[in-house]
Structures are given as C-alpha cells and as structure tokens.
Amino acid sequence: MSFYLKGLGLGAGLIVAIGSQNAHVLRMGLKRQHVGLTVLVCIVCEVLLISIGVAGVGTMVERSPFLLAAARWGGALFLAWYGLRAWRAAFGRHALDAAPQRAETGTRDALLTVLAVTLLNPHVYLDTVVLLGAVGGQQGPEGKWLFALGAMTGAMTWFVLLGFGARLLAPWFARPSAWRMLDAVIGVVMLGLAISLVT
C-alpha cells in the first residue's frame with residue numbers, strides 16, 4: 001500500500017498542475033464536446049507513458065545527458081510557445097466561447113487535437129517517463145508496479161473529474177472575461193514552467 005500511495009501522491013501532484021493537456025480537457029468539458037473521447041485518450045496515453053517509464057526508459061533517459069538536454073530544451077520551447085499563444089488569446093479580440101450554440105468540433109479533429117496536446121508536449125515525457133519512471137524504478141521489482149498503479153489511478157481520477165466536472169463551471173466561463181483570465185493564468189504558468197525547465 002505504501003508503494004501505491006507514493007505513486008498516487010506523486011502522480012496526482014504532477015498531473016493536477018495546469019498544463020496544455022489539462023487546459024484542453026477543461027475547454028472540451030466546458031464546451032461539452034467529445035468529453036468522453038478526450039478523457040479516454042488522455043488516460044490511455046498517461047497509462048502507456050507511465051508503464052514505459054517504470055519499465056526502465058525513465059532511468060535510461062535520466063542517465064543520458066544528451067537525452068535529458070533534448071527533453072529539457074524541447075519542453076521549454078514548447079511550453080514557451082503555448083504560453084505566448086495563451087497570452088495572445090487572453091489579450092486578443094477572440095475569446096473562447098463555452099455557449100452551447102458553438103459549432104461542434106468533428107471527431108477526427110477532436111482526436112488529433114488531444115493527441116497533439118498530449119504527445120507533442122515534451123513536458124509530459126519529463127513527468128511520466130523520466131520522473132515517474134525514475135522514482136518508480138527505485139521501488140524495487142515488485143514495488144515499482146504498485147507505484148505505477150498508484151500514479152495511473154491519480155491520472156485517471158483527475159481527467160475524469162476535470163472533463164466531466166467542467167460543466168459545473170460553465171456558468172462562470174460563459175463570460176468572455178473568464179476565458180481571458182484563464183488564458184492569462186495559463187500563459188503565466190506555461191512560461192514559468194519553461195523557465196524552470198531551463199534553469
């Protein structure tokens with residue numbers, strides 16, 4: 001149980017932080033479009049990446065200065081770009097609208113978008129494959145999979161709550177100013193994460 005709880009705590013702590021993936025899940029939940037698909041894809045990707053990391057890839061990356069540097073700088077560039085894009089949305093003329101009359105996003109586009117914000121963000125690899133993988137690998141042959149199960153449970157719970165619970169926030173996010181505020185906060189957090197990766 002201690003291995004499981006350690007994985008649950010660390011996994012939840014990493015996944016709950018505002019990021020491009022969480023922002024996308026929140027947006028889809030608020031718009032009530034393809035929520036089940038979005039949540040499912042995020043969970044499947046998270047489970048696969050945690051499994052890969054705990055299986056040994058995380059330790060391998062951690063021991064390679066080149067791979068660590070590539071992950072760090074690639075992640076910093078992606079996060080900086082996402083943060084600036086969020087600021088552009090916050091201070092631009094167009095704000096994300098959560099009103100029900102908004103045009104429906106196609107299933108294919110919804111799938112490709114959630115895959116992009118999940119798999120093209122190097123930060124997700126740093127969190128799941130490298131960090132969780134490295135810590136999980138230190139738990140021993142039996143403990144590492146209980147640790148992984150705990151981390152997976154944290155991710156599953158979070159995505160379900162975020163995606164399907166977002167509709168409770170819909171009245172507040174019906175105002176364009178709320179979206180601008182969210183984008184502004186996301187921009188600050190993304191740029192902060194980019195700086196933290198570099199430093």
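Which residues in H7 are buried? I keep in mind that this is a predicted model, and I find on the list Gly143, Lys144, Phe147, Ala148, Gly150, Ala151, Met152, Gly154, Ala155, Phe159, Leu162 and Gly163. I also looked up the span of H7, which has 26 residues and reaches 36 Å from its first C-alpha to its last, close to the 38 Å expected at 1.5 Å a residue.

Entry on the whole chain. I went back to the overall picture and found nine helices and zero strands, so that I can write the pattern along the sequence as α-α-α-α-α-α-α-α-α. Of the 199 residues in the chain, 44% are buried, and the accessible surface comes to about 10,200 Å², with 71% of that area belonging to carbon and sulfur atoms. When I took the contacts with a separation of 6 or more, I noted that residues 24 or more positions apart account for 88% of them.

Entry on the cores. I then looked up the largest nonpolar core and found that it has 21 residues, with Val25, Leu26, Leu30, Val39 and Phe159 making the most contacts inside it. At least two residues of this core come from each of H2, helix H3 (35–62), helix H7 (140–165) and helix H9 (176–198), and H3 gives the most, with six residues. I also wrote down a second, separate core of seven residues, which includes Ile50, Phe147, Ala148 and Met152.

Entry on Phe159. Having met Phe159 both among the buried residues of H7 and in the largest nonpolar core, I asked which residues Phe159 is in contact with, leaving aside its neighbours within four places in sequence. The answer is Ile15, Gln21, Asn22, Val25, Val39, Cys42, Ile43 and Glu46, and of these I had already noted Val25 and Val39 for their contacts inside the core.

Entry on Met28. I placed Met28 in helix H2 (residues 20–31) and asked why Met28 counts as buried rather than exposed. Met28 is called buried because its relative accessible area is 4%, and the cut-off for that word is under 20%. Not counting residues up to four places away in sequence, Met28 touches Gln33, His34, Val35, Thr38 and Ala110. I noted one further pair, Met28 and Ala166, which are 138 residues apart in sequence and 8.5 Å apart in space, taken from C-alpha to C-alpha.

Notes
Residues are numbered from 1 along each chain as its sequence is written. This is a predicted model: local features need pLDDT of at least 70, side-chain atom pairs count only at pLDDT 80 or more; totals for chains, interfaces and linings use all residues. Side-chain values use heavy atoms; hydrogens and water are left out. Helices (H or I, at least four residues) and strands (E, at least two) are DSSP runs, numbered from the N terminus. Buried means under 20% relative accessible area, exposed over 50%, partly exposed in between (1.4 Å probe, protein chains only). Contact means heavy atoms within 4.5 Å. Accessible areas come from the Shrake-Rupley method with a 1.4 Å probe; for residues, only the protein chains shown count as cover. A nonpolar core is a set of buried Ala, Val, Leu, Ile, Met, Phe, Trp, Tyr and Cys residues joined through side-chain atoms within 4.5 Å. The expected span of a helix is 1.5 Å times one less than its number of residues.
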